[in-house]
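Below are some questions and answers on a protein model. Please look at the sequence and the structure first.

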Amino acid sequence: MDPFTRKRFETLLRSARNTLMESMQALGDPTEDQERHGEPMDEGDVAVLERQREALHLLRNRYVQLYWEIQSALKRLQDGEYGICERCGDSIQTERLEVQPTARLCIDCQRNEERRKGTERKTSARGFVEVAPAVETTVSAQWRYPECGIA
């Protein structure tokens with residue numbers, strides 16, 4: 001990978017990490033909700049609050065996973081291993097890294113992995129991704145992690 005492209009991906013990943021960290025901080029502390037809602041609530045309010053807590057918990061987990069994916073990509077970049085498939089050792093196409101900067105596998109190895117796991121993605125004419133089992137419903141044209149603010 002040439003130095004210009006390497007620097008561009010480093011800047012992209014660092015920016016995504018910083019934006020992601022800001023998003024994580026904006027979610028706040030889950031214990032604050034309990035303190036704020038100390039007044040009596042009916043069953044409906046309790047159910048809504050519990051569902052919100054569950055959604056925030058899942059979102060926090062997604063952010064933490066993405067954070068570590070970005071950290072891993074930055075480490076591979078630093079070690080000179082970024083853009084090299086961890087399975088076959090071939091180069092990962094720049095176009096793939098543009099869409100998925102944290103990619104660890106080339107597109108062929110990724111497809112093989114998804115077939116093996118039964119999660120092969122099929123893109124419809126409208127740009128939606130159909131995944132079996134349903135994990136992800138859409139893919140960003142620029143980058144599939146909109147919470148990182150990269151557009």
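Q: Which residues does Glu10 touch, not counting residues up to four places away in sequence?
A: This is a predicted model, in which local features need pLDDT of at least 70 and side-chain atom pairs count only at pLDDT 80 or more, while totals for chains, interfaces and linings use all residues. Residues are numbered from 1 along each chain as its sequence is written, and side-chain values use heavy atoms, with hydrogens and water left out. A contact means heavy atoms within 4.5 Å. By that rule, Glu10 touches Leu74 and Leu77.

Q: How far apart in space are Glu10 and Leu77, C-alpha to C-alpha?
A: Glu10 is part of helix H1, residues 3-27; helices (H or I, at least four residues) and strands (E, at least two) are DSSP runs, numbered from the N terminus. In sequence, Glu10 and Leu77 are 67 residues apart. From C-alpha to C-alpha, their separation in space is 7.3 Å.

Q: Is Glu10 buried or exposed?
A: Buried means under 20% relative accessible area, exposed over 50%, and partly exposed in between, with a 1.4 Å probe and protein chains only. The relative accessible area of Glu10 is 16%. Glu10 is therefore buried.

Q: How are H1 and H3 oriented to each other?
A: Two packed helices are described by the angle between their axes and the distance between the axes. Axes are lines fitted to C-alpha atoms, for helices over the stretch in contact, and angles run from 0 to 180 degrees between N-to-C directions. H1 and helix H3 (residues 43-79) pack at about 155°, with their axes 10 Å apart. Angles under 35 degrees count as roughly parallel, over 145 as roughly antiparallel, 65 to 115 as roughly perpendicular and the rest as oblique, so H1 and H3 are roughly antiparallel.

Q: Which residues of helix H5 are buried?
A: Helix H5 covers residues 107-117. One of its buried residues is Cys109, at 9% relative accessibility.

Q: Why do the buried residues of H5 line one face of the helix?
A: The arc is that of the directions from the helix axis to the C-beta atoms. Seen down the axis of H5, the buried residues line one face because they fall within an arc of 135°.

Q: Which residues does Cys109 touch, not counting residues up to four places away in sequence?
A: Cys109 lies in helix H5. Its contacts, counted in this way, are Cys85, Arg87 and Cys88.
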